[in-house]
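Let's take a walk through the pockets of this protein. Keep the model open as you read.

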Amino acid sequence: MSNKFVYQNAQIKSRETKLLTLAGEQRLFDAQNVQDALKILVELGYGNGANIEDGIDAVLDKEEENLVALLNEMNVAGSLDAFYADNDFLNLKTALKAYATGTKGVYLPSGLFKIEDIILAVETDDCSLLCEEMKSAIETCKTLLSDEKGVDPRKIDCAVDKKAYEFKLKASKKCGKTAKEYFERKIDFANIGTFFRCRKLHLPIEFFKEGFIDGGKTGVESFEKIYELLLDALCELEKGTHAEKIVLSLVESGDLVAFEKDADDALLKIWKDEASDMFSVAPIVSYYLTKKTELKNVKLIVAGIKNKVPEKTIKERMRELYA
């Protein structure tokens, strides 16, 4: 990478000091109710520009909106498109499900593509303002909707996820080799999770293949060979790979939630290990993913406060912020 990211990375380094600390996290845990949690979040700098009177959800939504806006500001020559489009593909899922059920969806802040353009494309088949991968996903889902009465929402998720990763792998070429490694590993973890879930529920292999995402380091043929074997075969399949320890823990515990947490932690560490390279996008991506993780953790804590969930239970599900 050239020195075109030095200025952006200098800005990011100053923002890193405002990330949620362990002390700040504990302050949230100690909140007696949602109103206390709201007050603490505002004191910690959350939701700049939000109307506090609208409540804690409005503050959290605004914080996410501000994060997406920052990524847009940092997106030099499309180098961050693979990450900037995260919300777009989630919004596409929402639009397709809303279309299928005749309801209104709740959307995330726009990334590369405007929400209204996504909705228009789903409703009218005019995909001229979207990428080819979105167009393909819409066509696939429309076929499902015409062939099936009451289409399974999971099939929409599968169709969109496949095209989302196709887009991200292609866009990652503008982001450097770490991005390619990151998305390949992310795909592998997604496929391992799907494999384990299907096996646990005794679903046929066709069900697994329907959700399989191409582009990872372990191909579908490798999973097919072990589908009817004991789950120890999954450990053998991933032996010597980046997923070895996490898969071993999954097979031993059977805890998919813990697996997803461990996978997210491992994926974030890829960028944290590169975050000192001021001439690449690594500091920007590391900050963006860390902040997204922070938001996920904060929402878990807030949900725990609302539902009076023990602190220990919440912490077991929280992602690591500090590598």
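By class, how many nonpolar, polar and charged residues does the lining of the second largest pocket have? There are eight nonpolar, six polar and six charged ones, where Ala, Val, Leu, Ile, Met, Phe, Trp, Tyr, Cys and Pro count as nonpolar, Asp, Glu, Lys and Arg as charged, and the others, Gly among them, as polar.

Before going on, note that this is a predicted model: local features need pLDDT of at least 70, side-chain atom pairs count only at pLDDT 80 or more, and totals for chains, interfaces and linings use all residues. Residues are numbered from 1 along each chain as its sequence is written, and side-chain values use heavy atoms, with hydrogens and water left out.

A pocket here is an open set of points on a 1 Å grid over the protein atoms alone, where a 1.4 Å probe fits and protein lies on both sides within 12 Å along at least five of seven lines; lining residues have an atom within 4 Å of a point.

Back to the second largest pocket: it holds about 470 Å³ of space, the volume being what probe spheres set on the points fill, with points joined across faces, edges and corners. Of its 20 lining residues, Arg15, Gly45, Glu63, Tyr287 and Lys291 lie nearest the centre. Helix H4 (56–74) gives the largest share of this lining, six residues; helices are DSSP runs of H or I, at least four residues, numbered from the N terminus.

Now turn to the largest pocket, with about 1,500 Å³ of space. It is lined by 45 residues, and Leu90, Tyr165, Lys186, Asp264 and Lys296 are the closest to its centre. H10 gives the most to this lining, ten residues. By class, the lining has 22 nonpolar, six polar and 17 charged residues.

Notes: Helix = DSSP H or I, 4+ residues; strand = E, 2+ residues; numbered from the N terminus.
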